[in-house]
Amino acid sequence: MTIIAATVRRELLIAFRSPGDIINPLMFFIIAVTLFPLGVGADTEFLSRIASGIIWVTALLAVMLSMDSLFRADYEDGSLEQLLLSPQPLYFIILAKLGSHWLVSGLPIVILAPVLASMLALPSEAMLPLLAGLLIGTPILTMIGAVGMALTVGLSRSGLLLAVLVLPLYVPVLVFGTGTVSMALGGLGISGLLALLGAMLVMAICLAPLAILAALRISVS
Amino acid sequence: MLSVKDLLCERDERVLFQNLSFSVVAGEIWQVEGSNGSGKTSLLRILCGLNDEFDGRIEWYGQDIRKARQDFNQSLFYLGHTPAINKTLTPKENLSWFCASRGLQKQAEIKGALNSFNLYGYDDMPCYQLSAGQQRRVSLARMKLSDAPLWIVDEPFTALDKQGVNELEIFFAEHAAHGGAVILTTHHRLEIGHAVKRINLDKLAGLAG
């Protein structure tokens with residue numbers, strides 16, 4: 001499918017030409033996580049208990065903040081109208097857009113998470129479950145966030161509205177993601193929860209592009 | 001090709017136009033006229049299927065455009081007010097994605113298309129470094145690559161210089177002569193050397209009943 005390759009190429013080129021869009025959510029992630037030890041005190045035992053929660057909540061906010069660069073520029077310069085009038089399968093174009101956006105926003109967060117987790121004294125046996133959860137969970141966050149972004153892209157100041165729309169929908173991912181870590185710490189198997197997250201990801205891949213398309217049609221008309 | 005029956009468009013309880021019927025056949029150029037705010041852009045967006053808020057029927061070879069979506073999109077080239085080019089990408093990259101998104105295998109012809117719109121030497125420069133007129137030309141260069149028979153263009157002459165306007169008029173005439181059709185809005189007097197049919201939206205306005 002040339003259209004998928006072409007879309008990924010276009011999105012990655014745009015992302016690397018305006019690196020602020022990639023770096024800012026990542027900086028937010030680092031800074032917000034660092035604020036917690038400053039706020040709650042450097043008690044290692046306490047920090048290690050809340051570490052996975054901190055990482056997950058900040059990752060979730062960082063992904064949401066990165067959403068703005070997904071459709072905003074395309075909406076403003078009219079590329080979105082052209083996209084909707086394309087005779088190529090729109091489902092795959094949207095999926096390619098989401099995939100490349102995750103590569104430059106979600107994946108760096110996953111890569112950075114172990115460093116920040118060890119700073120928060122997360123026990124080493126919980127590291128792999130945290131990473132596995134984030135690896136499956138952040139794409140879901142990207143897809144749900146993209147539905148909210150597609151709905152609000154036509155509004156001039158959509159930041160807070162996006163948070164109100166999207167954050168409640170992030171709850172299941174957060175619950176299962178942090179659940180994975182606490183199960184691992186309790187010495188229980190995590191494959192069940194990861195499978196649930198995986199099922200959510202598959203469902204998001206199937207349905208989110210359709211919802212995004214419908215939302216974009218409303219936004220441009 | 002495209003036939004419009006009893007089209008009515010209402011915005012905030014004001015009827016922009018009503019009882020609008022016309023049909024566009026191959027080889028025709030249609031100019032939509034009207035004062036500011038008379039609904040020219042709304043009409044074009046409705047014809048493309050970007051806006052669903054209308055009453056009436058729009059048919060593409062006898063099929064409702066909403067049902068024959070893919071077929072219609074394949075045959076349609078639309079250019080709106082906005083240039084639809086990404087400013088961080090170069091003209092070449094913008095056109096290359098355009099070709100991919102239309103399913104055209106024309107990567108080799110991009111340079112030629114840019115040259116024919118006087119953009120020789122600018123193909124590897126990010127679009128934000130180009131002037132408004134040059135950005136417009138990048139956007140128009142897509143028409144050269146497109147194989148769609150129906151062109152719907154909104155104010156194509158904006159920001160172009162005199163020579164650019166002349167060239168574009170000739171280009172539209174050629175497209176019509178080769179069996180295509182053009183629907184455009186402009187305030188400018190077309191001197192195309194090809195018959196131009198007109199729709200005046202000011203005469204079709206009315207009050208919501």
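A crossing of two helices is called left-handed if the near helix is turned anticlockwise from the far one by less than a right angle, and right-handed if clockwise. This is a predicted model, in which local features need pLDDT of at least 70 and side-chain atom pairs count only at pLDDT 80 or more, while totals for chains, interfaces and linings use all residues. Residues are numbered from 1 along each chain as its sequence is written, and chains are lettered from A, with ligands numbered from 1, in the order in which they are written.

In chain A, helix α2 (residues 20-40) packs on helix α3 (residues 44-66) at an angle of about 150°, with the two axes 9 Å apart; helices here are DSSP runs of H or I with at least four residues, strands are runs of E with at least two, and both are numbered from the N terminus. Axes are lines fitted to C-alpha atoms, for helices over the stretch in contact, and angles run from 0 to 180 degrees between N-to-C directions. The angle therefore makes α2(A) roughly antiparallel to α3(A), a term for angles over 145 degrees, and their crossing is right-handed. Among the residues that make this contact are A:Phe28, A:Phe29 and A:Phe36 of α2(A), together with A:Ile54, A:Ile55 and A:Leu65 of α3(A), where contact requires C-beta atoms, placed from the backbone, to lie within 7 Å. By class, the contact of α2(A) with α3(A) holds 16 nonpolar, 2 polar and no charged residues; Ala, Val, Leu, Ile, Met, Phe, Trp, Tyr, Cys and Pro count as nonpolar, Asp, Glu, Lys and Arg as charged, and the others, Gly among them, as polar.

Further along chain A, the axes of helix α7 (residues 127-152) and helix α8 (residues 159-185) come within 9 Å and cross at roughly 170°, so α7(A) and α8(A) are roughly antiparallel to each other. Their contact divides into 18 nonpolar, 7 polar and no charged residues.

Chain B contains an open sheet of 5 strands in the order β6-β7-β8-β3-β9, with parallel pairing; two strands pair if DSSP finds at least two bridges between them. The edge strands, each pairing on one side only, are β6 and β9 (196-200) of chain B, and the twist averages 15° from one strand to the next. β6(B) pairs with strand β7 (residues 150-154) of chain B over 4 bridges, and B:Leu79 has B:Val153 in β7(B) as its bridge partner. Helix α6 (residues 162-177) of chain B lies across β3 (29-33), β7 and β8 (181-185) of chain B, and runs at about 145° to β8(B).

Key: Angles under 35 degrees count as roughly parallel, over 145 as roughly antiparallel, 65 to 115 as roughly perpendicular and the rest as oblique. Two residues are in contact if their C-beta atoms, placed from the backbone, lie within 7 Å.
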